[in-house]
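These are my notebook entries on a single protein model. I set down what I looked up, entry by entry.

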Amino acid sequence: MSPLIDCHAHIIPEQALRRFPDPSKPAYVTAEPVALQRMLDEHDRVGITHAVVSDSFFMESARDALPDWSGVDRAKLFNDGMVELVGRHPGRFFGLGCIDPFGGDDAARELERLTKELGLYGVLINPSLGERYLDAPEAEPFLAAAKALDVPLFLHPSRDLPAPEDSREFALNVSVARPHQTSTCIARMIYAGTFDRHPNVRMLLAHGGGTLPFVAGRLDATWQGYRPGRWEGPDLLTRPPSSYLAGLCCDTNLWSASALRLAIETFGVEHVLFGNDLPPVWVPLDRPVETLNALGLPEPDLEGIRWRNAARFFGLPLTDARTPD
């Protein structure tokens with residue numbers, strides 16, 4: 001059978017957790033001792049052959065657990081631990097680092113270290129810190145380094161969301177607020193000219209691109225209809241906002257065939273990567289596998305989403321060789 005790469009799987013390496021005062025804290029739901037074997041069992045059950053492993057909330061957890069450490073030292077702790085973790089699963093795991101993208105020149109230097117010295121395949125970053133999104137000046141050194149080094153960026157919502165308290169009931173922070181955070185970040189980057197300053201920066205958006213596929217037309221219509229009289233913020237664009245989306249990638253973590261079709265239409269089939277947010281979202285993976293297979297895509301497009309797009313985006317050392325049946 002052909003490979004199947006899950007690009008969206010979260011594990012905190014045990015080596016990194018050992019420096020935490022309480023490494024077995026229940027809140028660390030992606031801790032290696034808790035989540036790794038369960039993930040491997042589920043991947044084996046549905047035929048996932050490789051995983052791009054990261055963690056979405058480590059920088060926030062480390063900030064709370066290690067308040068006296070600098071942001072870059074917290075990132076180094078994780079990145080070194082990720083190298084050790086993937087080294088125990090050669091050929092099956094491909095590791096991503098983590099960084100505070102608002103960390104200025106220190107963040108840019110750590111980005112270079114984790115790719116050139118540690119051999120990680122990219123970095124997971126969060127869309128915002130407090131009220132600052134990635135269009136903020138503080139993120140410019142990091143984004144410039146990412147562009148110069150051609151490092152893949154996995155944009156994943158943060159634990160601490162810029163969302164009202166009412167989103168905490170019914171897990172609305174997971175189902176609604178996190179996709180909204182991603183969409184707000186990307187929209188701000190488009191309107192603020194961030195993608196024009198850093199063209200072709202490689203970025204993968206979690207959760208099917210948030211709400212962007214559904215609101216892409218509204219971005220264009222309000223950009224056209226609100227300028228100049230009702231427009232707030234700089235007016236920099238020379239082409240419709242939605243046209244920038246074709247330069248980005250997304251995962252398939254939508255649990256909906258119609259939503260997945262829209263994501264494919266919005267970003268392009270060559271920019272969609274199979275990924276499921278497991279762990280920590282322990283939904284059986286039969287459904288996303290079956291949903292993808294049932295779309296009726298031409299075989300080259302299906303193979304792209306299953307593994308080729310991820311191999312190309314992250315620069316993974318995979319060839320056309322098929323895995324044993």
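**Entry 1: Ser 158**

I began with Ser 158, which is buried at a relative accessible area of 1%. I take buried as under 20% relative accessible area, exposed as over 50%, and partly exposed as in between, with a 1.4 Å probe and protein chains only. The model is predicted, so I note that local features need pLDDT of at least 70 and side-chain atom pairs count only at pLDDT 80 or more, while totals for chains, interfaces and linings use all residues. Residues are numbered from 1 along each chain as its sequence is written, and side-chain values use heavy atoms, with hydrogens and water left out.

I located Ser 158 in the loop between strand 8 and helix 7. Helices (H or I, at least four residues) and strands (E, at least two) are DSSP runs numbered from the N terminus.

Which partners does the side chain of Ser 158 reach? I found the backbone oxygen of Asp 160 at 3.0 Å, and a polar contact with the side chain of Gln 181 at 2.9 Å. I count a polar contact as a pair of N or O atoms within 3.5 Å; within protein, one must be able to donate a hydrogen and the other to accept it, and residues adjacent in sequence count only if both atoms are side-chain atoms. With neighbours within four places in sequence set aside, the contacts of Ser 158 (heavy atoms within 4.5 Å) include Phe 57, Glu 60, Asn 126 and Arg 178.

**Entry 2: Salt bridges**

How many salt bridges does the structure hold? I recorded 19, a salt bridge being a side-chain nitrogen of Lys or Arg within 4 Å of a carboxyl oxygen of Asp or Glu. Side chains of opposite charge can pair when their charged atoms come close.

I looked up Arg 63 with Asp 160, where the closest N and O atoms are 2.7 Å apart. Arg 63 belongs to helix 3 (residues 58–65) and Asp 160 to the loop between strand 8 and helix 7, so this pair ties together parts 97 residues apart in sequence. Both ends are partly exposed, Arg 63 at 32% relative accessibility and Asp 160 at 35%. I also noted a network of salt bridges that links Arg 63, Asp 64, Arg 159 and Asp 160.

Next I took Glu 32 and Arg 88, whose side chains form a salt bridge at 2.9 Å, N to O. Glu 32 sits in helix 2 (residues 32–46) and Arg 88 in the loop between helix 4 (71–87) and strand 3 (93–95), so the pair joins parts 56 residues apart in sequence. Here Glu 32 is buried at 7% relative accessible area, whereas Arg 88 is partly exposed at 39%.

In the salt bridge between Glu 138 and Arg 132, the closest N and O atoms are 3.6 Å apart. I list Glu 138 as partly exposed at 34% and Arg 132 as partly exposed at 30%.

**Entry 3: Nonpolar cores**

I then asked which residues touch the most other members of the largest nonpolar core. They are Phe 58 and Ile 186, in a core of 83 residues. A nonpolar core is a set of buried Ala, Val, Leu, Ile, Met, Phe, Trp, Tyr and Cys residues joined through side-chain atoms within 4.5 Å. Beyond four places in sequence, Phe 58 is in contact with residues including Ile 12, Phe 20, Leu 77 and Cys 98.

**Entry 4: Backbone exceptions**

Most residues other than glycine have a negative phi, and most peptide bonds are trans. I found a cis peptide bond from Arg 227 to Pro 228, with omega near -5°, and another cis bond from Pro 279 to Pro 280, with omega near 15°. Pro 228 is in the loop between helix 9 (212–226) and strand 10 (249–251), and Pro 280 in the loop between strand 11 (272–273) and helix 11 (286–293).

Asp 277, not a glycine, has a positive phi of about 60°. Asp 277 also lies in the loop between strand 11 and helix 11, and I list it as buried at 8% relative accessibility. Ala 171 likewise has a positive phi of about 60°; this residue is in the loop between strand 8 and helix 7 and is partly exposed at 39%.
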